[in-house]
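Subject: Structure handover

Hello,

Here is the structure we spoke about. Please load it first, then read the notes below it.

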Amino acid sequence: KDMGRPMGFTELMNELRMNPKIVSESTKRLRSTGLIEKNENGKYSPTRSGEAQFLLMSVAMRRMLEIMERL
């Protein structure tokens, strides 16, 4: 929703409606690839690179859906 607002682990888990194990594994992967970071308060937010990549992926997905609707 609001990519600029850091979110804690529990908030992420509730927002995504996923179990803790999946959220934990996913945040570790996203951190290791530099797409998100964890601040001193333990909250997660996207890096600049992460924001750009998430935006590009959403544009690409939207375009793919438009193409599929035409088929």
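Start with the helix pair. The axes of helix 1 (residues 9–16) and helix 2 (residues 20–32) come within 10 Å and cross at roughly 115 degrees. Axes here are lines fitted to C-alpha atoms, for helices over the stretch in contact, and angles run from 0 to 180 degrees between N-to-C directions. Helices (H or I, at least four residues) and strands (E, at least two) are DSSP runs, numbered from the N terminus. Helix 1 and helix 2 are therefore roughly perpendicular to each other. On this scale, angles under 35 degrees are roughly parallel, over 145 roughly antiparallel, 65 to 115 roughly perpendicular, and the rest oblique.

This is a predicted model: local features need pLDDT of at least 70, side-chain atom pairs count only at pLDDT 80 or more, and totals for chains, interfaces and linings use all residues. Residues are numbered from 1 along each chain as its sequence is written, and side-chain values use heavy atoms, with hydrogens and water left out.

Back to the pair. From helix 1, Phe9, Leu12 and Met13 meet Pro20, Val23, Ser24 and Thr27 of helix 2. Contact means heavy atoms within 4.5 Å. By class, this contact of helix 1 with helix 2 has five nonpolar, two polar and no charged residues. The classes: Ala, Val, Leu, Ile, Met, Phe, Trp, Tyr, Cys and Pro are nonpolar, Asp, Glu, Lys and Arg are charged, and the others, Gly among them, are polar.

Next, the core. The largest nonpolar core has six residues: Met7, Leu12, Met13, Val23, Ile36 and Tyr44. Such a core is a set of buried Ala, Val, Leu, Ile, Met, Phe, Trp, Tyr and Cys residues joined through side-chain atoms within 4.5 Å. Buried means under 20% relative accessible area, exposed over 50%, partly exposed in between (1.4 Å probe, protein chains only).

Contact lists from here on leave out residues up to four places away in sequence. Ile36 touches Thr27, Leu30, Arg31, Tyr44, Ser45, Pro46, Thr47 and Phe54.

Two of these partners deserve a look. Thr47 lies in the loop between strand 2 (44–46) and helix 3 (48–70). Thr47 is buried, at 14% relative accessible area. Its contacts are Gly34, Leu35, Ile36 and Glu37. Ser45 lies in strand 2 and is buried too, at 15% relative accessibility. Ser45 is in contact with Pro6, Ile36 and Glu37. The C-alpha atoms of Ser45 and Gly8 are separated by 9.1 Å, although the two are 37 residues apart along the chain.

Where is Lys38? Lys38 is in strand 1 (residues 36–38). Lys38 is partly exposed, with a relative accessible area of 40%. Lys38 is in contact with Arg31, Lys43 and Tyr44. Glu11 is in helix 1. Glu11 counts as partly exposed, at 30% relative accessibility. Glu11 touches Arg5 and Pro6. The C-alpha atoms of Glu11 and Arg31, 20 residues apart along the chain, are separated by 17 Å.

Last, a backbone point. Arg17 has a positive phi of about 55 degrees although it is not a glycine. Arg17 sits in the loop between helix 1 and helix 2. At 78% relative accessibility, Arg17 counts as exposed.

Best wishes
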